[in-house]
Amino acid sequence: MNEAGFRTVKSSQVILKELMVPSYANFGGKVHGGVILGLMDKIAYTCAASHCKGYCVTASVDSVDFMNPVEVGDLLTLYASVNYVGTSSMEVGIKVESENFREGIIKHTNTSYFTMVALSEETRQPTRVAGLLLEDEEEIRRFVMGKLRKKLRRAHQQEISDIGEALNLRQAMIELQGENCDLSLLVTQETVKV
Ligand SMILES: CC(C)(COP(=O)(O)OP(=O)(O)OC[C@H]1O[C@@H](n2cnc3c(N)ncnc32)[C@H](O)[C@@H]1OP(=O)(O)O)[C@@H](O)C(=O)NCCC(=O)NCCS
């Protein structure tokens, strides 16, 4: 940490490699998505804890789209970096690649963003973390994009919450016509009263 209390991005960057063994397979013979998500959570914690030098928890995970299946026998490599730091939260960007040794092919499996929040050891409440010492244009770009994602996440959560509260179920039921659901067994509150 420098005198002003900032740490470099490089100081907490982490690379994790794991061989995809047969016990990780799902019923289709590919690696279970949950195994990959578990490794992503592990590296997110390692990266964030290394930046804040303390305890932190996973507050949210952005969408994870699996672009390519991972095969048993592949070597999975996860790259994690702190993109953005707020007051107590840290956005960790994670890129996952799978490597097939025999064919010499490396595939981009997925990318996601984990928001980790540092907690005080004593109070277990969110606590301030060191800022980021940005060293090049790419790190600045990532910080700006992380800040934007934080804003969009909040707006999205608020929007969903507002829509849920204002939901008119009668109107929504009319709009469900043509959707892949069947309301023929519906027991409405009116039916129950009769
Ligand atoms: C994450 C948690 C600590 C936030 O607590 P809180 O009292 O809501 O905290 P605050 O509202 O003061 O927010 C603290 C920070 O967390 C961020 N945050 C809170 N909820 C968030 C969410 N759902 N997604 C992303 N960031 C979130 C805030 O933006 C804020 O960031 P900042 O300090 O950089 O501005 C709390 O919700 C929690 O403990 N959740 C359970 C975490 C957990 O058990 N994870 C799985 C096991 S590790």
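Which strand gives the most to the shell around the ligand? Strand 3 does, with four residues. This is a predicted model, in which local features need pLDDT of at least 70, side-chain atom pairs count only at pLDDT 80 or more, and totals for chains, interfaces and linings use all residues. Residues are numbered from 1 along each chain as its sequence is written. Helices (H or I, at least four residues) and strands (E, at least two) are DSSP runs, numbered from the N terminus.

**Ligand shell**

- The residues around the ligand are Val57, Thr58, Ala59, Ser60, Gly86, Thr87, Ser88, Ser89, Thr115, Val117, Pro126 and Arg153; a residue counts as near a molecule if its C-beta atom, placed from the backbone, lies within 6 Å of it.
- At least two shell residues come from each of strand 3 (56-61) and strand 6 (105-118).
- Sorted by class, the shell holds four nonpolar, seven polar and one charged residues. Ala, Val, Leu, Ile, Met, Phe, Trp, Tyr, Cys and Pro count as nonpolar, Asp, Glu, Lys and Arg as charged, and the others, Gly among them, as polar.

**Nonpolar core**

- The largest nonpolar core has 32 residues, of which Ala44, Ala48, Val92 and Ile94 touch the most other members. Helix 1, strand 4 (75-85), strand 5 (89-100) and strand 6 each supply at least two residues of this core, and its largest share, seven residues, comes from helix 1.
- Such a core is a set of buried Ala, Val, Leu, Ile, Met, Phe, Trp, Tyr and Cys residues joined through C-beta atoms within 7 Å. A residue is buried if 20 or more other C-beta atoms lie within 10 Å of its own, exposed if 12 or fewer, and partly exposed in between, with C-beta atoms placed from the backbone.
- Ala48 is in contact with Cys56, Val82, Met90, Val92 and Met116, leaving aside its neighbours within four places in sequence. Contact here means that the C-beta atoms of two residues, placed from the backbone, lie within 7 Å.

**Annotated region**

- An unreviewed UniProt entry places the feature "domain: HotDog ACOT-type" at residues 10-122. UniProt positions are given in the numbering used here, feature names are shortened, and annotations may be inferred rather than shown by experiment.
- Over residues 10-122 the chain is 18% helix and 43% strand, with the end C-alpha atoms 28 Å apart.

**Positive phi values**

- Most residues other than glycine have a negative phi.
- Lys53, which is not a glycine, has a positive phi of about 55 degrees. Lys53 lies in the loop between helix 1 (33-52) and strand 3, and is exposed because 12 other C-beta atoms lie within 10 Å.
- Arg124 also has a positive phi, near 60 degrees. Its place is in the loop between strand 6 and strand 7 (131-133), and Arg124 counts as exposed, with 10 C-beta neighbours inside 10 Å.

**Loop between strand 2 and helix 1**

- Val21 is in the loop between strand 2 (14-19) and helix 1, and is exposed, with 11 other C-beta atoms within 10 Å. Val21 and Asp74 are 53 residues apart in sequence and 8.3 Å apart in space, C-alpha to C-alpha.
- Ala25 is found in the loop between strand 2 and helix 1, and is partly exposed, with 16 other C-beta atoms within 10 Å.
- From C-alpha to C-alpha, Ala25 and Val72 are 6.7 Å apart in space and 47 residues apart in sequence. Leaving aside its neighbours within four places in sequence, Ala25 is in contact with Lys30, Val31, His32 and Val72.

- Helix 2 (residues 137-165) has 29 residues and reaches 42 Å from its first C-alpha to its last, close to the 42 Å expected; the expected span is 1.5 Å times one less than the number of residues.
- Two of the 29 residues of helix 2 are buried, so the helix lies largely in the open.
- Gly178 is in the loop between helix 3 (169-175) and helix 4 (189-193), and counts as exposed, with 6 C-beta neighbours inside 10 Å. The C-alpha atoms of Gly178 and Glu159 are separated by 25 Å, the two residues being 19 residues apart along the chain.
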